[in-house]
Number of protein chains: 4
Amino acid sequence: MSPRTKIQFEEIRQKSRENIEKIALELFASKGYHATSISQIAEKAGISKGLLYNYFESKEQLLNSIIMKVYDELMKIVGMNDNLPADKQIEQMIIQTIEHLKKNITFWRLYLFLIHQSEVQKQLKELYNKMRIDYMDFVIKLFSEIGSKNPDMDALLLGTMFDGIALNYVTVPEDYPIDELKNYLIEVFVKNKKVKK
Amino acid sequence: MSPRTKIQFEEIRQKSRENIEKIALELFASKGYHATSISQIAEKAGISKGLLYNYFESKEQLLNSIIMKVYDELMKIVGMNDNLPADKQIEQMIIQTIEHLKKNITFWRLYLFLIHQSEVQKQLKELYNKMRIDYMDFVIKLFSEIGSKNPDMDALLLGTMFDGIALNYVTVPEDYPIDELKNYLIEVFVKNKKVKK
Amino acid sequence: MSPRTKIQFEEIRQKSRENIEKIALELFASKGYHATSISQIAEKAGISKGLLYNYFESKEQLLNSIIMKVYDELMKIVGMNDNLPADKQIEQMIIQTIEHLKKNITFWRLYLFLIHQSEVQKQLKELYNKMRIDYMDFVIKLFSEIGSKNPDMDALLLGTMFDGIALNYVTVPEDYPIDELKNYLIEVFVKNKKVKK
Amino acid sequence: MSPRTKIQFEEIRQKSRENIEKIALELFASKGYHATSISQIAEKAGISKGLLYNYFESKEQLLNSIIMKVYDELMKIVGMNDNLPADKQIEQMIIQTIEHLKKNITFWRLYLFLIHQSEVQKQLKELYNKMRIDYMDFVIKLFSEIGSKNPDMDALLLGTMFDGIALNYVTVPEDYPIDELKNYLIEVFVKNKKVKK
DNA sequence: AATGAATGAGTATTCATTCAT
DNA sequence: CATGAATGAATACTCATTCAT
């Protein structure tokens, strides 16, 4: 008869939020932001529309919340393994990005969607820019350390390749020979650079 | 004045269709498919909504019609210059794709949008697959002709690079050093291959 | 088969607009602005919700449109009879206001509603102020002409009386002895003033 | 510590009720009934929504409860000073009504709001009628005692004036010369009557 | 007595599509 | 061929009310 404690309430909220975000991520990623309705999200999450608004104040804010998670996760991949030497770090970054892509296809689908749905809102554009800059800063340094003649260009190319691979893998996962590409990337971006050094 | 012949009518219809498609392409690419309304298209095309439905039976069918044009145009770039030697053909394909991208950012924005839509619509998925296969067939042959050790992989990589470049250029056109990339691509995909031969 | 002319369309629009405004006036006046839904207006007007938005771009704008009519009508009563001598003008203003009130109870209900729902929006507040000032300017002049010792106060009092009478009549039309009041007002605001002159 | 007695509990309940009513009155009067949500009331009152429903079975019933208070308070003003002679009682009633209006603008705003609502709710209509009758009974008697030739009409007029003044003062408190009106009312409704006697 | 998560019917608004003219 | 009035289902969002704890 006594009311739940604050902690209990907080747990309930946290679980609900995460559940909603998970469902919304899937739907946004597979159908796009505009083509996904709040009703669909609520229904698939097994809750009422009203409750969704108890946790997210708008559809846009729900998207933002998800984007933040995407950003954090991508940055985690990049920043991982910073105790290794630079060449190994790049190698690991390539391996782990590809692995992550294979295991989290939904997640990457959303990432790609967001990039060119950036007309949706300024915030997204800003975040995307921040993400690019953070990525470039970090990876340029790595390429410098392994003696690349043009670390800016190499970092840019690697990023571009990741985008292209993700785009293709996400579109035709069963037909795209992603593992062969992985080895090729390591060869081009790690082994060849070192030889030249 | 004699009544217009059937052929004249057909020409008028054709021009009207093309005008609508042109306007719709612009709007879809700049604002997105969902955010563009039939009213806006009709208004910008200077016709009534009713008349638009005289030419296209639905918004979706209008999109499909546009997609066909995108397909044709992309294939035109690939198939161009088939009187040149293979290495020059690849070089030209790279140059012209990049040039096309720079001049038709709107068009490519739509192309990328479509890739995602293909997840949802069967028709689109089929078209996208056809496009990939046609591209691969043609480009694999070119790489074979210049003596590539792994023409399948080279064709795939070049296609992936195009996608990655398009994605980045479309997102941040002013910040993306597309011309430097062009030269690099030619070096990697044309000059280096030939040397190895 | 040929489309309607512009004039025909304009007539259709005009009739529809007026019908919607009439129904909306009734509902806003009897239930209040917030308590009246677009659905109710559309249903009572025998049209779809969508069509209503073809004519008025929002609920608020529909209200504004109605308010303008209220304003025009009230000012018409005040400004009427400007060819008569001042004392007759005041007398006529009293008579016609009361008559108008008796015949257009709905209309006055809305006027009263609006006054203290003016927090609804700035526009309303501004219009109300304009209305007060226009009324005062005109009526003060009339009282001056008949030699009132305090024309400002007399104009204010008469306005206040109109408001009080309208409020009471609108609330209990059958129980409020409005005709007796009419005569009393004429006596107090016209005959007594003149005597003193 | 002994358990609280029933009476203590009752007192706590009573205080809680009054607190909620006070907060709700403020919000209803300043934002309007429809624009005020139960959540807002609960939050401002420092309690949960659930608890509010422990005290009032619905939003409407909460409003009704408040209305009763409005009624009581208005009647208090009228019935005050019944030990004075009639002319002084009327004078005091005028003075105190105006003073009350100046100090409790929120309260009067609600009173005016309620008059309109009475169109919708039967309960309210009945209460309003009771209020009018009680007021008239009492004030007619006063005017009779000071020898008014038409006490019914005088009582009605005074009530009408109060309504009109309240309406105007509540709408534009800073622009309405309420104090000058007070003196005028006393002159018209008290001094002039007596002279004629 | 007290909490706030959860519901569901309701709100204003939009828009692809139809159709009488 | 051409118009735009008209529809209705869908959209994001709100809120009074209920109820398990």
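A salt bridge here is a side-chain nitrogen of Lys or Arg within 4 Å of a carboxyl oxygen of Asp or Glu. The legends below describe a predicted model, in which local features need pLDDT of at least 70, side-chain atom pairs count only at pLDDT 80 or more, and totals for chains, interfaces and linings use all residues. Residues are numbered from 1 along each chain as its sequence is written, chains are lettered from A and ligands numbered from 1 in the order in which they are written, and side-chain values use heavy atoms, with hydrogens and water left out.

**View 1. Where chain C meets chain D.** Let's start with the contact (heavy atoms within 4.5 Å), to which chain C gives 33 residues and chain D gives 34 residues. The size of an interface is often given as the accessible area lost when the parts come together. Buried area (the accessible area, 1.4 Å probe, that two parts lose on being put together, summed over both) is about 3200 Å² between chain C and chain D, with 68% of it from carbon and sulfur atoms. Zero salt bridges are counted between these two chains.

**View 2. Polar pairs and helices at the interface of chain C and chain D.** Four residue pairs, both members at pLDDT 80 or more, are in polar contact across the interface of chain C and chain D. For such a contact, a pair of N or O atoms lies within 3.5 Å; within protein, one must be able to donate a hydrogen and the other to accept it, and residues adjacent in sequence count only if both atoms are side-chain atoms. On the side of chain C that touches chain D, at least two residues each come from α1 (6–31), α6 (105–116), α7 (122–145), α8 (151–171) and α9 (178–196) of chain C. Helices are DSSP runs (H or I, at least four residues), numbered from the N terminus. α8(C) supplies the largest share of that side, twelve residues.

**View 3. Two domains within chain A.** Twelve residues of domain 1 of chain A and nine residues of domain 2 of chain A make up the contact. The two domains bury about 870 Å² between them, 77% of it on carbon and sulfur atoms.

**View 4. The salt bridge between K69(A) and E21(A).** The closest N and O atoms of K69(A) and E21(A) are 3.1 Å apart. One salt bridge is found across the interface of domain 1 of chain A and domain 2 of chain A.
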